[in-house]
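User: I am new to this structure and would like to go through it carefully, one question at a time. Could you take me through how its parts are arranged?

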Amino acid sequence: MSKHEIRAPMPGTFYRSPSPDAPAFKVDGDAVASGDTIGLIEVMKTFHEVSAGVDGKAIRFLLDNEEPIMAGQVIAEVEA
Amino acid sequence: MTIRSLLVANRGEIAVRIVKAAKALGIRTVQVHSAADADMLAVRLADEAVDIGPPAAKKSYLNIEAVIAAARAAGVDAVHPGYGFLSENADFADAVEAAGLIFIGPKGDAIRLLGDKVAAREVAARAGVPTVPGSAGRVSSIDEARDGVAQAGFPIMIKAAAGGGGRGIRIAADMADLDRHFPQASSEALAAFGDGGLYLEKVIGKARHVEVQILGDGKNFIHCFERECSLQRRRQKVWEEAPSFLLPADVREKLCASAVALAREVKYSGAGTVEYLYDEDSREFYFIEVNTRIQVEHPVTEMVTGIDLVQEMIRVAGGAPLSVRQEDVALRGHAIECRINAEDPARGFMPAPGTVRRLVVPEGEGIRFDTMLYEGYTIPPFYDSLLGKLVVWAETRDACLDRLRSALRGLVIDGVATTVPLHLALAADDSVRRGDFHTRFLEGWLDEVFARQAQPKAEVA
């Protein structure tokens, strides 16, 4: 069973949902398609979508909502 | 009471500016910082530094309790809020006073009054300052909105009473648009600002953004002439000048007098800015809003008047009367400020945090660079993208543009993409040299002129 890592393309603050009151884009265990948005990164007051980049059966997040992240840091793992 | 120590409740280049102004007055400085800002320049320059919380602004720079606790622990006399963050938060100003400290700015009540855009329009009207045609006050229903339109006509802006800084604005071109946008605008305003109140203002087509610097000590009120800030992208200023060189002398006199009348109406204390739209064709100006803080672009005013606005606001907060009388304020020469942001103009202004590998700052007569940068500094991604402000002064505007071009060529910030290439292109542009622009000029120019220039070269900042 192979695992794929989704890494942050830029540094900033990671958000699990599109707005504070909205449900998370994905929760642990969800299946993902490559084009699915899995979170947002806020960098210098602008927001950028992060897509899964890979199809998989189950996603597992390594970061909580509103956590600071570095570029290249692993956001989540996806089971192929 | 004279201020002997102050807490800087901000970050970035303005924190550096405040620390330097305080030091020039012999005042002890205490700099707050988030966990992400421990190595910022203002921390290095200040006498002391206090960690006030995690990187997220709402847990640090926007956390009133944390800032007040830092001020108490450091035993300072006063708090300078800078711009942005808590600078126009009336509750913060009140909390500073309640802690027995001096807030360097106007009283909480004045911030509250002028921060409510509808109330501010009413204050302006009382002071005889022309306002943009629109609703008489808050509009609470679509029927009231329709009445407002009957007075002002389309296109019309639906604005949030608690908004500001270009946020919370929608434009309706006709009645169907108004019907559609009005309820959405109200719920958005409620979500964004905690106040669903709206008002209407007519869209002034090709207007300039002109603003007047005011100073008050609660008894005396003066202006330090105006700034021209029409070059904006997404309602954010990019390039500012002083004075607004095409403004006819009689209009300048009326404009500046109206700002002083407004300051007097609210017995203003501290530094502030009255913003206007100016319609060149009709030679009419219209009040937009008052900013009750020091502005990003204050240095251009300092360069043409010789007044240190940050020092003046600290002295006034300490109880001193204004150190200058109106008749002593004179315009000399021309100044231009370029906002140097960590954004890549060749890639849609994508933010570009990173590490500054090499920094070369141009020097010489009439050149000033207000910045947070030093070599080896890593720009954090959590805050806005302003890195510094290149401010250039010369005897005439033409000479100022020439000096600006050479200063921009001499400014080297290796390691991150910046807006320097944008400013080089603007400084070389014929429309800019003629002063032939308005508030919506820059976005069109970026698409039509700059996109063509930027492509073949693939600028490396």
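Analyst: The answers that follow concern a predicted model, and they go from the domains to the sheets and then to single strands and helices.

User: Which domains does the assignment give for chain B?

Analyst: The bounds come from an automatic or database domain assignment. Read along chain B, that assignment gives domain 1 (5-104), domain 2 (133-202) and domain 3 (207-457).

User: Which helix gives the largest share of the side of domain 1 of chain B that touches domain 3 of chain B?

Analyst: The centres of these two domains of chain B, taken over C-alpha atoms, are separated by 24 Å, and 25 residues of domain 1 are in contact with 22 residues of domain 3. By class, the domain 1 side of this contact has 17 nonpolar, three polar and five charged residues. Eight residues, the largest share of that side, come from one helix, namely α1 (residues 12-24) of chain B.

User: At about what angle does α1(B) run to β2(B)?

Analyst: The strand β2 (residues 28-34) of chain B belongs to an open sheet of five strands with parallel pairing, in the order β3-β2-β1-β4-β5. Helix α1(B) lies across β1 (5-8), β2 and β4 of this chain. Its direction relative to β2(B) is given by an angle of about 165 degrees.

User: In the five-strand sheet of chain B, which strands stand at the edges?

Analyst: Within the order β3-β2-β1-β4-β5 of chain B, an edge strand has a single partner strand, so one side of it is left without a neighbour in the sheet. One such strand is joined to β2(B) by five bridges, in a parallel run, and there Val32(B) stands opposite Val50(B). The strands at the edges are β3 (48-53) and β5 of chain B.

User: What is the order of the strands in the open sheet of eight strands?

Analyst: This sheet of chain B has antiparallel pairing, and its twist averages 25 degrees from one strand to the next. Because β13 and β19 (367-371) of chain B each have a single partner strand, they stand at the edges. The order is β13-β12-β9-β10-β11-β14-β21-β19.

User: Why is strand β12 (residues 269-279) of chain B described as largely enclosed?

Analyst: On one side, eleven bridges join β12(B) to the antiparallel strand β9 (residues 207-217) of chain B, and seven bridges join β12(B) to β13 (residues 284-291) of chain B, which also runs antiparallel to it. Helix α11 (residues 309-317) of chain B lies across β9 and β12, running at about 130 degrees to β12(B). The strand is largely enclosed by the rest of the structure because, of its eleven residues, those that are buried number nine.

User: Which residue in β13(B) is the bridge partner of Val274(B)?

Analyst: Val274(B) lies in β12(B), where Val212(B) stands opposite it. The hairpin of β12(B) and β13(B) has four residues between the strands, and Arg283(B) takes a positive phi near 55 degrees there. On the β13(B) side, the bridge partner of Val274(B) is Val290(B).

User: Which residue with a positive phi follows helix α4 (residues 90-98) of chain B?

Analyst: In this helix, Ala90(B), Phe92(B), Ala93(B), Ala95(B) and Val96(B) are buried, and what covers them includes α3 (64-74), β4 (78-80), β5 (102-103) and α5 (108-115) of chain B. After the helix comes a residue with phi near 80 degrees, which is Gly100(B).

Notes: Residues numbered from 1 in each chain as written. Chains lettered and ligands numbered in written order. Predicted model: local features only at pLDDT ≥ 70, side-chain atom pairs only at ≥ 80, totals over all residues. Buried ≥ 20, exposed ≤ 12 C-beta atoms within 10 Å, placed from the backbone. Helix = DSSP H or I, 4+ residues; strand = E, 2+ residues; numbered from the N terminus. Pairing = 2+ DSSP bridges. Contact = placed C-beta atoms within 7 Å. Axes fitted to C-alpha atoms, helices over the stretch in contact; angles between N-to-C directions. Nonpolar A, V, L, I, M, F, W, Y, C, P; charged D, E, K, R; others polar.
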